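I opened this entry to keep a record of what I looked up, topic by topic.

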Amino acid sequence: MPTHTPVTPGRATARPGGPARARRGSTGNDWRRRAEVALLVLPALALFLTFVLVPMVQAAYYSLFNWNGLEALDDFIGFGNYSLALGDPVFRDAIGHNLLIVVLSILIQLPLGLGIALLLNRDIRGRGVLRTLIFVPYVLAEVVAGVIWLLMLQPNGVVDEAMASVGLGGLRQLWLGDPDVVLFTLMVVLTWKYVGFAIILFLAGLQGVPQELHEAAALDGASWWQTQWNITIPLLGPTIRIWVFLSMIGSLQLFDMVWIMTGGGPANASSTMVTYLISQGFERFRFGYGSAVAVILFAVSFLLAITYQQLVMRRDTAPTSGRVR
Amino acid sequence: MSATDQRPDTRASDGHRSGGGPAGTLDRAPRRRLGVSTVAVYLVAAVVTVATLAPVVYAVLGAFRSTGQITADPVGLPDPWISDNYVAVLTSDTFWRQALNSTVVATLTTVIAVGLGVMAAYALSRYQFRGREALYTFFTLGLLFPLTVAILPLFLLLRQMQLTDTTLGVALPQAAFALPMTVVILRPFLRALPDELEDAALVDGCGRLGFFWRIALPLSGPGLITVGVLAFVQSWNAYLLPLLVLGSPDAYTLPLGVATFSTQYTQDTAAVLAFTSLAMVPALVFFLLAQRRIVGGLTGAVKG
């Protein structure tokens, strides 16, 4: 992510020669500097290594064993867990669900979020309040949102009745109980929960689009829509591309909402890679197998991230387009 | 200072202009031209607001009804209004204990993540040492490591360290996974402090740790608040890690409490709605207070 600009050249060269660092030859000073760096960096590094990196590496290691997490780790089976996982139709379905959610999230939330952001970027009364309200679902805990929707979607619940009261009673469904419907129900809830994030991000990006361009375009006789399509949206490109990236990663990691609302059911119809991982690892104590699933999950996310970075986001991080701070 | 810091000002001036400031003339022409479509804009805004808030309103109002009322008429308003459900939750120890647990866990997570993160970010931005960029890249790679991938070994590790069922057992891993974002957001902040300032402090005999403590920290306040809010909200809402680490109900955080309560009282919709509604109050209040920071933080994370 282009959050940091690479070291500004002028500064990097100026530094070592600067007045305060002229005494570089003195070893006492050098040791002191090293000690300071160590003091500042080591606590964070230790925490990061212990709870992030080591477990990640361990997951890769455990994935090579048939292991329940309790007994001795001695049943080495190589890539057996991997072929088992990739051969399990339930897991393959879960990967498919994740990829479908990735695609649908982008197809639904991008136009919706962009449209709303463009509208809200205009001078309307109560814009600030509206922005705050739109962000509310995103701020709610997944569990809280999931439980509320679970209750709303129960048979003869408020969703069914509300639809009936506007004459759509015929469309009643087992929203979360029908394997053919459940994934699309989840998509609606996910859109509700996460589109606010897209809107806020786009609105933030829109602040970087100079007003003068709009005014110039308006003077040239461009319609509002032409201006948005030809000027605003292209200028919003970097923000949109980052949102797509974050959305993809989030869709692949989906767990809380699904676990609360369906538990991956019915009949695994709404399972995701992470719900599969948790049910295998923690409900069946298949730690080796679960680790293999975790590694596959990581590989899929990583591949997607790298591919996207290379194909789409590269131009945003190229030095020429980087903002100089 | 950084762009993150300036953004609220930009917004403020935007608002000012729409209020008819000196630049008002520039806005007036397009606005008049779009007179008809302005109605459409308000319409869309109204639809969006309703769609956004309906579930929340349903939960809050539903909890003022009885389960009987809800079953008989799912869409109706409370009639009569019943406060029993809310009273029952507010007078139960469970809710308050879980709220307290959540507060402690989230605070601890935030303090650890921000504290260690800003120290590392300071070293990574204002010291020259071998392997600096490599170390920074190493931290940023953490952005690609999701907690879910490490969850099984993490669970075993925490059990081995006897940290299951403890606040630290949740806070330490959460802080560790929040570190990359913290470092990535804070480094540009600290880097943006002028060299002259540091040199002046050094000449005055301040020392670089002194400069960090007395000058860099206070000056990066807005950045610290941003990363702090992000870490806090994330920890407050977290479900998976607490679910696995916290086995005893006494240690439950609010999300765990909501999940448990809703399975325990499946039949009592109104009671579940009351518990859930009250559980979202702290997050909403916190969000309203810190709203600008959350948005600013996201902006800062996206556009350097």
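**Ground rules.** I am working from a predicted model, in which local features need pLDDT of at least 70 and side-chain atom pairs count only at pLDDT 80 or more, while totals for chains, interfaces and linings use all residues. Residues are numbered from 1 along each chain as its sequence is written, chains are lettered from A and ligands numbered from 1 in the order in which they are written, and side-chain values use heavy atoms, with hydrogens and water left out.

**Chain A.** I found 14 helices and zero strands in chain A (DSSP runs numbered from the N terminus: H or I of at least four residues for helices, E of at least two for strands). Of its 325 residues, 52% count as buried (under 20% relative accessible area; exposed is over 50%, partly exposed in between; 1.4 Å probe, protein chains only). I also looked up contacts (heavy atoms within 4.5 Å): among those in chain A between residues at least 6 apart in sequence, 68% join residues at least 24 apart.

**Interface of chains A and B.** I noted 103 residues of chain A in contact with 109 of chain B. The two chains bury about 9,700 Å² between them, 74% of it on carbon and sulfur atoms (buried area is the accessible area, 1.4 Å probe, that two parts lose on being put together, summed over both). Helix H2 (residues 27–62) of chain A gives the most to the side of chain A that touches chain B, with 21 residues. I counted zero salt bridges between chain A and chain B (a side-chain nitrogen of Lys or Arg within 4 Å of a carboxyl oxygen of Asp or Glu).

**Salt bridges.** Over all chains, the search gave me ten. In one of them, B:Glu198 pairs with B:Arg126, the closest N and O atoms being 2.7 Å apart. B:Glu198 lies in helix H10 (residues 195–203) of chain B and B:Arg126 in helix H6 (residues 93–126), so the pair ties together parts 72 residues apart in sequence.

B:Arg208 sits in helix H11 (residues 208–219) of chain B, ten residues from B:Glu198. Both B:Glu198 and B:Arg208 are buried. Through shared partners, salt bridges join B:Arg126, B:Asp195, B:Glu198 and B:Arg208 into one network.

I then looked at B:Glu133 and B:Arg132, whose side chains meet in a salt bridge (3.2 Å, N to O). B:Glu133 is partly exposed at 34%, whereas B:Arg132 is buried at 6%.
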